[in-house]
Structures are given as structure tokens and as C-alpha cells.
Amino acid sequence: MLYHPEVMGVDTLAEKIRKIPNFPKAGILFHDITPVLQSPEYFRLLVDLFTYRYMGQKIDVVAGLEARGFIIGAALAYQLNVGFVPIRKKGKLPFDTISQTYALEYGEAVVEIHKDAIGQGSRVLIVDDLVATGGTMLAGVELVRKLGGEVAEACAILEFTDLPGGQKIRESGVSLFSLLKNGGSM
């Protein structure tokens, strides 16, 4: 059974996200979604809110970014009756892959996808838990495009509006939907 957004909405979801100061380092306010995932009611609400948004759209596959994007993306793919594709950190996928490098605060990281994960012209929904600098999400966008897929939209639970990630994603020509927006990432 789907929770209808008017009955139990995004504001109640926001209250369930735990904030942990100075993690993983001093000055960072970490937004922890595990309390949402631990609660059957709130986890269902989270997936249902995304399901309501995408159930009438043409989505061929959901691509989840490691690691929390796997949890949300797989559940959403199930609800939408489409396939799920993981976008993983370098060296974690067992088959032939393509990779994309992206910038971190101090250095670079690489994500990969299987070469046969997305068909030419497939409409792909990219999912992650949050958008801050946008590096991981943009790397996912590039991987989908390299395989000939079309990014239908990118989505996240939380977008930090005081950081450049959301703007960078939108400037890349990708629509970004966030359930929650927060201007205070620090």
C-alpha cells in the first residue's frame, strides 16, 4: 500500500533525518538517513514519495549511486517495475566496465558501471541520498551518457542549496528533483 503524500508528507520525513555534528570531520554537519531506513513506516514513505513522482513517467531503468543510492534506487525500481543498475566505486563490479573520474574536496575518485548496463536510448533515473558538491551525481550522468542512455532526471532525498552541486547538475542539462532542500550544510 502506498502512503499518499497528502496523508504523510515530506516534512515528517525531514524530522526523521539525524544530524551529527563534526562528522566525518570538524565543521561538517552529517545528515544521517539511517533512522529513515530503520523505520518501516518512514522507509515506505520515502520510497512512496519518489514512486508518486515517477510512476506516470517513462523510466526504463533506475541507476543508484553507491551506497545509499542502492537502497533507495532498488526499492524505487521495484515499485516502478523497471530494472536497477548500480554505479559503484572503482574495482567493485565484476564484469567489463566504463569509468568516470570526479573531484573530491582533496583529490579524485572514480565510479564505474557495467558496459552492458544501459541500452541505447534508455531513459534512466539516477538516484542518491543527497547532493552536496554534485561530483558523484555528475559522474553518474556522464556514465549514462557514455552508454547512450538519456538521463530522465536525477533525484535525491536532500539537496544542500548552499553548495554548488544542484546548480552544477542543472547546468549540465539534467533536471534534479530533491524531496528536501537545506541551506545549512555546515
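Colleague: How many helices and strands does the chain have?
Modeller: The secondary structure comes to six helices and nine strands. Keep in mind that this is a predicted model.

Colleague: And how compact is the chain?
Modeller: It is as compact as a globular protein of that length, because its radius of gyration is 16 Å, close to the 16 Å that the globule rule gives for 186 residues. The C-alpha atoms fill a box of roughly 40 × 40 × 30 Å along the principal axes.

Colleague: What share of the residues counts as buried?
Modeller: Of the 186 residues, 46% count as buried. The accessible surface comes to about 9200 Å². Carbon and sulfur atoms own 52% of that surface.

Colleague: What about contacts along the sequence? What share joins residues 24 or more positions apart?
Modeller: Such pairs make up 57% of the contacts with a separation of 6 or more.

Colleague: Let's go inside. How many residues are in the largest nonpolar core?
Modeller: That core has 27 residues. Those with the most contacts inside it are Leu13, Leu46, Phe50, Tyr54, Leu125, Ile157 and Leu179.

Colleague: What is in the second core?
Modeller: This separate core has 26 residues, including Val61, Ile87, Ile169 and Leu176.

Colleague: Now strand 9. Is Ser178 buried or exposed?
Modeller: Ser178 lies in strand 9. It counts as buried because its relative accessibility is 9%, and the cut-off for buried is under 20%.

Colleague: What does its side chain make a polar contact with?
Modeller: The partner is the side chain of Glu159, at 2.9 Å. Leaving out residues up to four places away, Ser178 touches Ala156, Ile157 and Glu159.

Colleague: Switching to helix 5. How far apart are its end C-alpha atoms?
Modeller: They are 16 Å apart. Helix 5 (residues 135-146) has twelve residues, so at 1.5 Å a residue it should span 16 Å, and the two values agree.

Colleague: Which of its residues are buried?
Modeller: Gly135, Met137, Ala139, Gly140, Val141, Leu143 and Val144. Just after helix 5, Gly148 takes a positive phi of about 85°.

Colleague: Which residues other than glycine have a positive phi?
Modeller: Asn22 is one of them, with phi of about 60°. Asn22 is in the loop between strand 1 and strand 2. Asn81 is another, with phi near 60°. Asn81 is in the loop between helix 4 and strand 4 (83-89).

Colleague: Is Asn81 buried or exposed?
Modeller: Asn81 is exposed, because its relative accessible area is 71% and exposed means over 50%.

Colleague: Last topic. Where are there cis peptide bonds?
Modeller: One runs from Phe23 to Pro24, with omega near 5°. Pro24 is in the loop between strand 1 (18-21) and strand 2 (29-32). Another runs from Glu66 to Ala67, with omega near 0°. Ala67 is in the loop between strand 3 (61-65) and helix 4.

Conventions:
Residues numbered from 1 in each chain as written. Predicted model: local features only at pLDDT ≥ 70, side-chain atom pairs only at ≥ 80, totals over all residues. Heavy atoms only, no water. Core = buried A, V, L, I, M, F, W, Y, C linked by side-chain atoms within 4.5 Å. Buried < 20%, exposed > 50% of the residue type's maximum accessible area, 1.4 Å probe, protein only. Helix = DSSP H or I, 4+ residues; strand = E, 2+ residues; numbered from the N terminus. Expected span 1.5 Å × (residues − 1). Rg over C-alpha atoms; globule rule 2.2 N^0.38 Å. Contact = heavy atoms within 4.5 Å. Areas by Shrake-Rupley, 256 points an atom, 1.4 Å probe, with all protein chains shown as cover. Polar contact = N/O pair within 3.5 Å; in protein donor to acceptor, adjacent residues only side chain to side chain.
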